[in-house]
Protein chains: 2
Amino acid sequence: MSLAISIVTIVGMGLMGGSLGMALVKAGACKEVRALVRREEAAEEVLAQGAAHVAETDARQLLEEADLVVLATPVRTIEAQVSELQRFVKSGAVITDMGSVKTGIVKAMDNLPPHIGALGGHPMCGKETSGLASADPALFRKRVWALTPSKRTDPRALSLVETMVEATGARRMVLSAEKHDTAVACISHLPYVLATTLMEVAKDTATNQPEIWELAASGFKDTSRIAASDLTMMVDILATNRENILQMLHRASRGIDRIVGLMTDENDEGLRDMLSEIRDRRIGMFQS
Amino acid sequence: MSLAISIVTIVGMGLMGGSLGMALVKAGACKEVRALVRREEAAEEVLAQGAAHVAETDARQLLEEADLVVLATPVRTIEAQVSELQRFVKSGAVITDMGSVKTGIVKAMDNLPPHIGALGGHPMCGKETSGLASADPALFRKRVWALTPSKRTDPRALSLVETMVEATGARRMVLSAEKHDTAVACISHLPYVLATTLMEVAKDTATNQPEIWELAASGFKDTSRIAASDLTMMVDILATNRENILQMLHRASRGIDRIVGLMTDENDEGLRDMLSEIRDRRIGMFQS
């Protein structure tokens, strides 16, 4: 099945779903983009923003003709929707998603009947603002879009989703759900918890010294930015990727302890060696 | 003494000193900007970049006519230079600095002879790149420039340095060296240690999963950015603001432990309450 002749139904039109809809509409990548939303007003907004050709609140109506269904809700909602919505999906259709944690979602997909194709997905991009109002058709451009197939994912489903990913300007990266979840615990969820911790310490410190907010410069702003991420999304992530995140937090605590140790020992040389290696890695990492 | 008829000598032409020189030259804010550098080639670079009218390696020659001396080297170098360079400074001149930790520097300034004016200073801005090549005359624009007077700071010294700060486009904020050092431990040095910790965990995780670097998106980049800060500057900061930073790291560890506890207990409501308050604070903080 080719994407060009497919009806794509996106479930949930927040930052991710909305941006995907806009990107597909703009690229003329498929036959029609349909958006399943919860409220009538949301449907109007979706159409006004050009994020879909059709927007409705009725699941059956929106899903029954869909060739490709993209679930773009928080992780635990996606896990539930995979089984709840499949009864409206026609034989031969493919279900994918945009959720941040993949193991549970892929497990739910593995329980789908064989006549429905399925493949987990996660675009590696975001914003500290959420909702359709922040959606941007260029959100995925040059970003990595992780695809996490399971044993039941057939080449046809993979190919259809890959074509959609390419239409948004993203680069696909195929890896297992388990590997994905460890990786994002480190490069996405740990940064969130650290940003949150920084904000909490600052909040405490500000009780006696309110002037810290005025003194805070770009370093603080950068490091704390993602503490403003969407709450429902983040609570779902902390719940569904718990073990991996706890492991990363354990490593982070050990890292802080190590710096505390070097500082307490006034070991300038040890600090310099450690920080120097980290600095070189950071500089080398994102030259572009 | 008015800045307009003053000779300003900047000691050290890295990111901070170089940017200050450029800003003062560009604004035509003083009679002459002179730059004291360590190497002949640096003198040529300073002049080529328009960061001073005169650049030399001879301390006596550069300092003996200066009305305002600005020390723009790492913290411990400034502490040493306050006493080492004062013998070249004429009676009635004012010494200020751009160092990141103020208590030790202000203590050194308190030992200056009474015929030299003195006032600690710290512009709250930076970049993850360092050196004259990164200097920018607009670096201070709309930023806060902390001024930390001691009992010996007279109104004349304060006024001269304030005029210089205003000429760069910065806003001055007067506070004690002690208050400054607690504040920056929280809003500048803690973010650095957390960024560094994040990079270290990522480095460890990448040993088994090198693909994390390709998956890392803007959240990771923002949160780790300042791990690339200048090393000598940061080691000096960790050494001279040790007690305040250790206290902030203790608070951060407790903050992480609290999140670990809520996650381990699968206390979604507790997590949501905690993260919600922090998120609101972060959103409210930097609306501009």
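Ala55(A) counts as buried, because 24 C-beta neighbours lie inside 10 Å of its own C-beta, and the cut-off for that label is 20 or more. Keep in mind as you look around that this is a predicted model. Ala55(A) sits in strand S3 of chain A. Setting aside its neighbours within four places in sequence, Ala55(A) is in contact with Ala35(A), Val37(A), Ala43(A), Val46(A) and Leu47(A).

Let's follow strand S3 into its sheet. Chain A has an open sheet of 8 strands, with mixed pairing, in the order S3-S2-S1-S4-S5-S6-S7-S8. Strand S3 (54-56) and strand S8 (171-174) of chain A are the edge strands; each has a single partner, so one side of each has no neighbour in the sheet. Between neighbouring strands of this sheet the average turn is 25 degrees, direction ignored.

Further along the sheet, strand S5 (residues 94-97) and strand S6 (residues 117-123) of chain A pair in the parallel sense, over 3 bridges. To spot this pair on screen, look for Val94(A), which stands opposite Gly117(A) in S6(A). Helix H5 (residues 103-110) of chain A packs on the sheet, where it touches S5, S6 and strand S7 (144-148) of chain A. The direction of helix H5 of chain A makes about 165 degrees with that of S6(A).

Stepping back, chain A contains 12 helices and 8 strands. Its C-alpha trace spans about 65 × 40 × 35 Å along the principal axes. Of the 288 residues in chain A, 53% are buried. Among the contacts in chain A with a separation of 6 or more, 73% join residues 24 or more positions apart.

Now for a helix in the other chain. Helix H1 (residues 15-27) of chain B has 13 residues, which at 1.5 Å a residue should span 18 Å; its end C-alpha atoms are 18 Å apart, so expectation and model agree. H1(B) is mostly covered, with 10 of its 13 residues buried. Among the buried ones are Leu15(B), Met16(B), Leu20(B) and Leu24(B). What covers the buried residues of H1(B) includes strands S1 (7-11), S2 (32-36), S4 (68-71) and S6 (117-123) of chain B, along with helices H2 (40-48) and H6 (155-167) of chain B. After H1(B) comes Gly28(B), with a positive phi near 55 degrees.

How do the two chains relate to each other? Chain B superposes on chain A by a rotation of 180 degrees with 0.0 Å of shift along the axis, at an RMSD of 0.0 Å. That is the relation of a two-fold axis. In chain B, the C-alpha nearest this axis belongs to Thr223(B), at 2.1 Å. Both copies use the same surface, since 100% of the contact residues of chain B recur in chain A.

Finally, the contact itself takes 81 residues from chain B and 81 residues from chain A. Several elements of chain B each supply at least two residues to its side, including strand S7 (144-148), helix H9 (218-224) and helix H11 (242-264). The largest share, 23 residues, comes from H7(B). By class, the side of chain B that touches chain A has 49 nonpolar, 15 polar and 17 charged residues.

Terms used: Residues numbered from 1 in each chain as written. Chains lettered and ligands numbered in written order. Predicted model: local features only at pLDDT ≥ 70, side-chain atom pairs only at ≥ 80, totals over all residues. Least-squares fit on C-alpha atoms with pLDDT ≥ 70 in both. Contact = placed C-beta atoms within 7 Å. Helix = DSSP H or I, 4+ residues; strand = E, 2+ residues; numbered from the N terminus. Buried ≥ 20, exposed ≤ 12 C-beta atoms within 10 Å, placed from the backbone. Nonpolar A, V, L, I, M, F, W, Y, C, P; charged D, E, K, R; others polar. Pairing = 2+ DSSP bridges. Axes fitted to C-alpha atoms, helices over the stretch in contact; angles between N-to-C directions. Expected span 1.5 Å × (residues − 1).
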